Amino acid sequence: MTGDHYFTAEPTTAAQPREVEFSVAGRDFTLTSAGGVFSADRLDPGTAVLLRKAELPAPGAAGPLLDLGCGFGPITCVLATCAPDATVWAVDVNERARALTAANAARVGVADRVRVAAPDDVPADLTFAELWSNPPIRSGKAELHELLRRWLPRLAPDGVAWLVVARHLGGDSLHRWLVEQGWQVERHASQKGYRVLRVTR
């Protein structure tokens, strides 16, 4: 056992790179993952549900778009591929995850439109047309709420956030909490025990 989690800033787990293959919206992706990042061995089932059930950005979407907790970059690469006019900000506390996302963006040919950053390095005045996240539930409820209090207000006035949360890990209670915080929340889809939430102002 190590003390590393996917939300560790500087993981010490051996990287041991591996390939992860998946398909979204008729496109095939092959990305590089590694130990010490979220869902290192496969596309996380929640992320798969999110990418399958949420409304992917239209080809003309201008962005900017935010992938919050980007991991090795599957959401970032999908968003940047679907919306060739948009800039995608890939944000993660984990430096290995950020390096993998940058490499994978280059691998799929979208590096010129991807900005990989630690949370504190995102310009304070930047707002986002869309926020996408499979948020770090296992970091704890207090940390999760703090994360969402920080980033949801960065949505543009007509922006939308797409979140996926496992029902057994508190998907319905998170829905209620977001409503209590004043957000408009729709359970857009449910599949394989996951809730896809559409959040707007």
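**Before you start**

The model is predicted, and for that reason local features need pLDDT of at least 70 and side-chain atom pairs count only at pLDDT 80 or more, while totals for chains, interfaces and linings use all residues. Residues are numbered from 1 along each chain as its sequence is written, and side-chain values use heavy atoms, with hydrogens and water left out.

**Stop 1: the whole chain**

Select the whole chain and colour it by pLDDT, which is the predictor's confidence in each residue, from 0 to 100. The mean pLDDT is 92, and 93% of the residues reach 70 or more.

Switch to a cartoon view, in which you can look for five helices and nine strands; helices (H or I, at least four residues) and strands (E, at least two) are DSSP runs, numbered from the N terminus. If you follow the chain from its N terminus, the elements come in the order β-β-α-β-α-β-α-β-β-α-β-α-β-β.

Turn the model around, and consider that its C-alpha atoms fill a box of roughly 40 × 40 × 35 Å along the principal axes. For 201 residues a compact globule would have a radius of gyration near 17 Å, and the 16 Å of this chain agrees with that; the radius is taken over C-alpha atoms, and the globule rule is 2.2 Å times the number of residues to the power 0.38. Of the contacts with a separation of 6 or more, 69% are between residues 24 or more positions apart. Buried residues make up 52% of the 201, where buried means under 20% relative accessible area, exposed over 50%, and partly exposed in between (1.4 Å probe, protein chains only).

**Stop 2**

Select alanine 25, which is placed in the loop between strand 1 (18-24) and strand 2. Its phi is near 50°, a positive value in a residue other than glycine, and with a relative accessible area of 55% alanine 25 is exposed.

Move along to serine 33, which lies in strand 2 (residues 27-33). Serine 33 counts as buried because its relative accessibility is 0%. Leaving aside neighbours within four places in sequence, show the residues in contact with serine 33, which are Pro17, Arg18, Val20, Ser39, Ala40, Phe72 and Leu100.

**Stop 3: a cis peptide bond**

Select glycine 63 and proline 64 together, and look at the peptide bond from the one to the other, which is cis, with omega near 0°. Proline 64 has its place in the loop between helix 1 (45-53) and strand 3 (65-68).

**Stop 4**

Select glutamine 191, which lies in strand 8 (residues 184-191) and counts as partly exposed because its relative accessibility is 21%. Beyond neighbours within four places in sequence, glutamine 191 is in contact with Val49, Arg52 and Lys53.

Finally, select lysine 192, which lies in the loop between strand 8 and strand 9 (194-200). Lysine 192 has a positive phi of about 55° although it is not a glycine, and its relative accessible area of 66% makes it exposed.

Definitions and conventions
Contact = heavy atoms within 4.5 Å.
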